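Here's a quick briefing to read alongside the sequence and the 3D view. Have a look at both, then work through the topics below.

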Amino acid sequence: MIEDTGRGGINPEVRKTSLDYPHIKTHTIGGFTTNPFDDVDDINVWHCCWKSFKKIGFVTYIDPETGLPDELQVDESYKVTGNELNVEWTWIIEVWEGYRVGEDLYIGI
């Protein structure tokens, strides 16, 4: 999708590996008219934002250095050991953003 010829002194390998996705020019066509940017050589770019849920836990335990209760935030892979005072699970909202370029290139997620 990027030509292998250098332009403006930029090494093509650097351009290929840099994810400079905020500078990708995209166009929005309003209405149901013909797309003036539609061409067989064009590459479609989609931008998407979405929300999902993530399970997290709050583990209350006795800090061995101070002897006082302390709390630690853990992800859903945390295994209860039995040494905890309390484990409280909840769901939080995560906000995501990303781009799809062509049919199978995903960047900025």
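Is Glu-94 buried, partly exposed or exposed? Glu-94 is partly exposed, with a relative accessible area of 24%. On this scale, buried means under 20% relative accessible area, exposed means over 50%, and partly exposed is in between (1.4 Å probe, protein chains only). Keep in mind that this is a predicted model: local features need pLDDT of at least 70, side-chain atom pairs count only at pLDDT 80 or more, and totals for chains, interfaces and linings use all residues. Residues are numbered from 1 along each chain as its sequence is written, and side-chain values use heavy atoms, with hydrogens and water left out.

**The sheet**

- Let's begin with the strands, which are DSSP runs (E, at least two residues; helices are H or I, at least four), numbered from the N terminus.
- There are 4 strands in an open sheet, ordered 2-1-3-4, and their pairing is antiparallel.
- Strand 2 (69-75) and strand 4 sit at the edges, so to speak, and each pairs on one side only.
- From one strand to the next, the twist averages 35° (axes are lines fitted to C-alpha atoms, for helices over the stretch in contact, and angles between N-to-C directions run from 0 to 180 degrees).

**Who pairs with whom**

- Two strands count as paired if DSSP finds at least two bridges between them.
- Strand 1 (residues 45-62) runs antiparallel to strand 3 (residues 86-101), and 16 bridges link the two.
- Across from strand 4's Tyr-106 you'll find Arg-100, and across from Ile-107 of strand 4 you'll find Tyr-99.
- The hairpin of strand 3 and strand 4 has 3 residues between the strands, and Gly-102 there takes a positive phi near 70°.

**Salt bridges**

- Side chains of opposite charge can pair when their charged atoms come close.
- The cut-off for a salt bridge is a side-chain nitrogen of Lys or Arg within 4 Å of a carboxyl oxygen of Asp or Glu.
- The structure has 2 of these.
- In one of them, Glu-94 meets Lys-54, at 3.9 Å from N to O.
- Glu-94 is in strand 3 and Lys-54 is in strand 1, so this pair ties together parts that are 40 residues apart in sequence.
- Lys-54 is partly exposed, at 31% relative accessible area.
- Arg-100 makes a salt bridge too, with Glu-103, and their closest N and O atoms are 3.4 Å apart.
- Arg-100 is partly exposed at 25% relative accessibility, while Glu-103 is exposed at 59%.

**Cysteines**

- A disulfide is a covalent bond between the sulfur atoms of two cysteines.
- Here a pair of cysteine sulfur atoms has to be within 2.5 Å to count as one, and the count comes to 0 disulfides.
- Cys-48 is partly exposed at 39% relative accessibility, and Cys-49 is exposed at 51%.

**A loop residue**

- Between strand 1 and strand 2 there is a loop, and Leu-68 lies in it.
- Leu-68 is exposed, with a relative accessible area of 54%.
- Leaving out residues up to four places away in sequence, Leu-68 touches Tyr-61, Ile-62 and Asp-63 (contact means heavy atoms within 4.5 Å).
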